[in-house]
Amino acid sequence: MERIKTGISGLDQMLGGGLPKNKHVAVSGSPGTGKSSFTFEFLYRGVQQGENGLYVSLEETEDDMKENMGSTFSGFTDLQQMFKSKKLQITKPDKLELEDTAELIEDQISDNDVKRVVIDSATMIRLSFEKELEYRQTLFEFFSLLRTLDCTVMMTLEASSPRKEQLTFDIEHFVMDGIINLYNQEQGDRRIRALEIFKMRGTDHSRDMVPFKVLPDGIKIYAGEKVF
Ligand SMILES: Nc1ncnc2c1ncn2[C@@H]1O[C@H](COP(=O)(O)OP(=O)(O)OP(=O)(O)O)[C@@H](O)[C@H]1O
Ligand SMILES: [Mg+2]
């Protein structure tokens, strides 16, 4: 099985060498856990390795994303150059149509050699459907189509609960090949960021819950360390 290096510090080690290529991974967490930063860095590291990235932002506008990521990752000094050369693109579709989004991704893969795609977030897509069944069917079709394309996909997902014990599973968890959970763990009067690889089809991986930090030079995952 082919792997790609996520390039996120500590993550490839936890994945036994990297993410299985062309798989679909959900990055799930409650508000502010770092889903957008995490998936954005995945694309940034891809560009550094010669893999173009497309960030489909369904919540924040392109300008807001660029501003927020530029300030969160102030150490990514080549970011503006990546935007200018279109190796790293952020796009916010006008309408929340999954069919249009699929078409956009397809075009970008053939026209701009995109290899990594992020969809932020699935929860926005869910909200655009009135009927749950319709959403499930469309999402299923969407990922069946993505599966035929030569790209690795991360999709963010709003967690049903900030607490590990209370997480429930939904359609998104079943259609995705992998799930990475991000937490804002309460510890006394502060909160600590933590991460776990919950599932990853096709590879063995760490099952530890480990601390991580969002730093100007990128996310740092402390693989092998304990949260408490
Ligand atoms: N420069 C920075 N240094 C450290 N932490 C930062 C910095 N900039 C942002 N953060 C942290 O990152 C968090 C937001 O991260 P991000 O937007 O990736 O989370 P999210 O899970 O996508 O949030 P949302 O649910 O709102 O979409 C902020 O709440 C803040 O705690
Ligand atoms: Mg976000």
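A polar contact is taken here as a pair of N or O atoms within 3.5 Å, where, within protein, one atom must be able to donate a hydrogen and the other to accept it, and where residues adjacent in sequence count only if both atoms are side-chain atoms. By that criterion the side chain of Thr152 reaches the backbone nitrogen of Asn22, at 2.9 Å. Thr152 belongs to strand β7, residues 152-158, strands being DSSP runs of E of at least two residues and helices runs of H or I of at least four, both numbered from the N terminus. Its relative accessibility is 1%, and therefore Thr152 counts as buried (under 20% relative accessible area, with exposed over 50% and partly exposed in between, using a 1.4 Å probe and protein chains only). Leaving aside residues up to four places away in sequence, Thr152 touches, among others, Ile4, Leu19, Pro20, Phe42 and Val117, contact meaning heavy atoms within 4.5 Å.

The model is a predicted one, in which local features need pLDDT of at least 70 and side-chain atom pairs count only at pLDDT 80 or more, whereas totals for chains, interfaces and linings use all residues. Residues are numbered from 1 along each chain as its sequence is written, chains are lettered from A and ligands numbered from 1 in the order in which they are written, and side-chain values use heavy atoms, with hydrogens and water left out.

A nonpolar core is a set of buried Ala, Val, Leu, Ile, Met, Phe, Trp, Tyr and Cys residues joined through side-chain atoms within 4.5 Å. The largest has 35 residues, of which Phe38, Phe40, Leu88, Ile180, Leu195 and Ile221 touch the most other members, and helix α2 gives the most to this core, with 6 residues. Apart from it lies another core of 27 residues, including Leu54, Val56, Phe143 and Cys151.

Taken alone, ligand 1 exposes 650 Å², and the protein buries 60% of that (Shrake-Rupley areas with a 1.4 Å probe).
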